[in-house]
Amino acid sequence: MDLEARIARLEAVEEIRRLKARYFRCVDLREWDEFATLFTEDFVPDFGESTSGPVDKATFVASVARHFASGISIHHGHEPEIDVLDETNARGLWPMYDLVESPDNSGYRNHTGWGHYTETYRKVDGRWLIATTKLTRIKYVELPKG
């Protein structure tokens, strides 16, 4: 691989790392307008634990915004493995941690957990976006309310 290709790969990895950092920030700070810009139009979520069962970008963004309308959340992604497949496609695996505390009357469970996000990314109009995401948990601990 020549130097130019190696630099392009490193730039892609960094852009994808920053994309996922924005994802976590937008959820925890409730920045829904920006959050909606992080996904391809044909985005496919796979969150088996979701009670709302989002199947596309619109239902996913609405579901996350509704779930995190109040309370607090902390989402961390750590040391991703990102593979750039070509100039417009990549995949990643992110170890994750989260803590979610919902209001007593919300109907959502408080929890903390550890696991992985398995994702694919596509470069669209010069920007890397999340094309698919799947959350797989290793450990999930329900926490008491209040």
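Let's start with the rings: Tyr23, Phe24, Trp32, Phe35, Phe39, Phe43, Phe47, Phe60 and Tyr117 are linked by ring pairs into a cluster. Before I go on, please keep in mind that this is a predicted model. The count of aromatic pairs comes to 14, and I'd like to walk you through two of them.

A quick reminder on how to read them: a pair of aromatic rings is described by the distance of the centres and the angle of the planes. Tyr23 belongs to helix α1, residues 3–29, while Phe35 belongs to helix α2, residues 32–35, and the two residues are 12 apart. Are these two residues buried or exposed? Tyr23 has 3% relative accessibility, so Tyr23 counts as buried. Phe35 comes out at 0%, so Phe35 counts as buried too.

The other pair is Phe47 with Tyr117, also tilted, with 6.1 Å from centre to centre and 55 degrees between the planes. Phe47 sits in the loop between β1 (39–46) and α3 (57–67), and Tyr117 in strand β5 (residues 110–124), so this pair ties together parts that lie 70 residues apart in sequence. Phe47 has 17% relative accessibility; because the cut-off for buried is under 20%, Phe47 counts as buried. Tyr117, at 2%, is buried as well.

Now for a lysine. Which rings does Lys20 sit over? One is Tyr23: Lys20 lies over its face, 3.7 Å from the ring centre. Another is Tyr117, where the charged end of Lys20 is 3.8 Å from the centre of the ring.

In soluble globular proteins, nonpolar side chains tend to be buried together. Here the largest nonpolar core has 29 residues, and those touching the most other members are Tyr23, Phe35, Phe39, Phe60, Tyr117 and Tyr121. At least two residues each come from α1, α2, β1, α3, β4 (89–101), β5 and β6 (127–143). With eight residues, α1 gives the most to this core.

Next, two polar residues. Thr40 lies in strand β1 and, at 1% relative accessibility, counts as buried. Its side chain joins that of Asp42 through a polar contact of 2.9 Å. Setting aside neighbours within four places in sequence, Thr40 has contacts that include Lys57, Arg122 and Val124.

His111 is found in strand β5 and is buried, with a relative accessible area of 5%. What does its side chain make polar contacts with? The side chain of Asp98 is one partner, at 3.4 Å, and the side chain of Arg137 is another, at 3.5 Å. For those eyeing the histidines, His78 and His111 are 19 Å apart in space, C-alpha to C-alpha, and 33 residues apart in sequence.

One last stop, at the strands. Strand β3, residues 81–84, pairs with β4 in the antiparallel sense over four bridges. The hairpin joining β3 to β4 runs through four residues, and Asp83 stands opposite Arg91 in β4.

Definitions and conventions: Residues numbered from 1 in each chain as written. Predicted model: local features only at pLDDT ≥ 70, side-chain atom pairs only at ≥ 80, totals over all residues. Heavy atoms only, no water. Phe/Tyr/Trp six-rings, centres within 6.5 Å; stacked < 30°, edge-to-face > 60°. Buried < 20%, exposed > 50% of the residue type's maximum accessible area, 1.4 Å probe, protein only. Lys NZ or Arg CZ within 6 Å of the ring centre and 35° of its normal. Core = buried A, V, L, I, M, F, W, Y, C linked by side-chain atoms within 4.5 Å. Polar contact = N/O pair within 3.5 Å; in protein donor to acceptor, adjacent residues only side chain to side chain. Contact = heavy atoms within 4.5 Å. Pairing = 2+ DSSP bridges.
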